[in-house]
Amino acid sequence: MDYKYSISEDELQEMKNFFANRDFAEAIEGVKKCLEDIDRVPLNIAVTGESGSGKSTFINVLRGVGDEEEGSAKTGVVETTKVPTSYFHPYHRNVRYWDLPGIGTPGFKATDYLKLVNFDQYDFFLIITTERFKECHILLAQAIKAMGKKFYFLRSKIDSVLNGYRRGKTRNYEEEDVLKEIREDCIKGLRAGGIQSPQVFLLSCLEPEKYDFYLVQKTIEEDLPRQKRHVFLLSQPNFFQQALDQKRRTFALQIWKWSIVSVMNITTWSGANTTSVVPYLSANGDLTLMVNVLEEYKKAFGLDTRSLQLLADTFGKDLEDLRSVMRSPAASQEITQQLVYHHIKGQGVTDMGRIVTACVSQCFPKISMLASGGVAFGTTFWILRSFLQDMAEDATRVLSKALETSD
Ligand SMILES: Nc1nc2c(ncn2[C@@H]2O[C@H](COP(=O)(O)OP(=O)(O)O)[C@@H](O)[C@H]2O)c(=O)[nH]1
Ligand SMILES: [Mg+2]
């Protein structure tokens, strides 16, 4: 059994801080609220640009939805609508992407446009172009700024530009030089248009694992307020190892909270129904909760069949090839209470749970007031931590497999 799954000093400190200066019941409620907020806090992302710039395609990539899949944003169609269309993230219903009407039509007025699209409802704007940024993009950005919102400039279809170079006469070009040139050209144009310290992200929806896709994710994440940052991060696609690492770290920091809720659920539950059909539940933690949390890990890491299929399609790989590198039973099998219970019993996890609990009770003696003398806390902690680690490692293997080149 590996001690890397045990609780860290940082987590102990965070727990202590959380419980300091609050009474016990109030702190427990606070823990629950923190977890619930992740599914409740709304995040509305507006995607705007000229018609044909790739807005709808980009929204599908960000949501992890195939262009042809049911509920996808329709791509390659001439836009006629004057109202924004919203698309939920399939696994985070509080995250919504808004496909805004095209800008730059004759007589375009940025302030009128922003009123028309109800600008106030968005957390930030993504402004996409396939060429240089024009006056309409700059006017829009300035109007967004004047209204106190954030925007990001994205230069899309970079694959087409590079293909142009490949086919053209410029034989001896370095990809890095071309990208630098495009970036500098965009920045120069934006500066000339009056945008201070502009930043431009280069993207391709056909090659989302390249260019600035992760950088834009990271930049937005860092700009967002704490509670929104969390759900944004978890809802992002998994084309980069850094995104997987970030998700793992974020999930890891929640585990002590889930472990407390798990114990509290048992207390309520065993009081209500002492003749349970699952008697081991009270000693080990709330299995229903663990199943739900593990399901969430699986989806966030893109290890569910739907996400794997899309990854396989994106990189021209076979679904079964991607599956073949997964080792965690939670990734390759359906996550059930039996699976979790089997894990608890099979590997002496309860003993490890005791160790975690003992660790916690040194600086947080109240833990032993919780159900089963706090052992359920440690068991839940150990289970979630070990499955998280295993699924994160699977996600890394799946991504490497998806990105493998055949030559
Ligand atoms: N080569 C390439 N084509 C793209 C990319 N993004 C979108 N497209 C194509 O550009 C066309 C317009 O895209 P769409 O998303 O409908 O643009 P919208 O009108 O802004 O919503 C479609 O045929 C897309 O397949 C990209 O990154 N690279
Ligand atoms: Mg569209």
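# Reading a helix, a loop and a ligand shell

Modeller: Lys257 has its place in helix 10 (residues 241-272). Helices here are DSSP runs of H or I with at least four residues, strands are runs of E with at least two, and both are numbered from the N terminus. This is a predicted model, in which local features need pLDDT of at least 70 and side-chain atom pairs count only at pLDDT 80 or more, while totals for chains, interfaces and linings use all residues. Residues are numbered from 1 along each chain as its sequence is written, chains are lettered from A and ligands numbered from 1 in the order in which they are written, and side-chain values use heavy atoms, with hydrogens and water left out.

Biologist: Is Lys257 buried or exposed?

Modeller: Buried means under 20% relative accessible area, exposed over 50%, and partly exposed in between, with a 1.4 Å probe and protein chains only. Lys257 has 11%, so it is buried.

Biologist: Which residues is Lys257 in contact with, leaving aside its neighbours within four places in sequence?

Modeller: Contact means heavy atoms within 4.5 Å. For Lys257 the partners are Glu14, Val31, Cys34 and Leu35.

Biologist: Where does Ser324 lie, and is Ser324 buried or exposed?

Modeller: Ser324 is in the loop between helix 14 (319-323) and helix 15 (329-332). Its relative accessible area is 52%, so Ser324 is exposed.

Biologist: What should helix 18 span at 1.5 Å a residue?

Modeller: The expected span is 1.5 Å times one less than the number of residues. For the 29 residues of helix 18 (residues 375-403) that gives 42 Å, and the end C-alpha atoms are 42 Å apart, which agrees. Of those 29 residues, 22 are buried, so helix 18 is largely enclosed by the rest of the structure.

Biologist: Which residues come nearest to ligand 1?

Modeller: A residue is near a molecule if one of its heavy atoms lies within 4 Å of it. There are 17 residues around ligand 1, and Gly52, Ser56, Thr57, Gly76 and Cys205 come nearest. By class, the shell has two nonpolar, ten polar and five charged residues; Gly counts as polar and Cys as nonpolar.

Biologist: Which element gives the most to the shell around ligand 1?

Modeller: Helix 3 does, with three residues.

Biologist: How far is an oxygen atom of ligand 1 from a backbone N or O atom of Gly52?

Modeller: A polar contact with the ligand is a pair of N or O atoms within 3.5 Å. For Gly52 the distance is 2.7 Å. A backbone N or O atom of Cys205 also lies 2.7 Å from an oxygen atom of ligand 1.

Methods. Polar contact = N/O pair within 3.5 Å; in protein donor to acceptor, adjacent residues only side chain to side chain.
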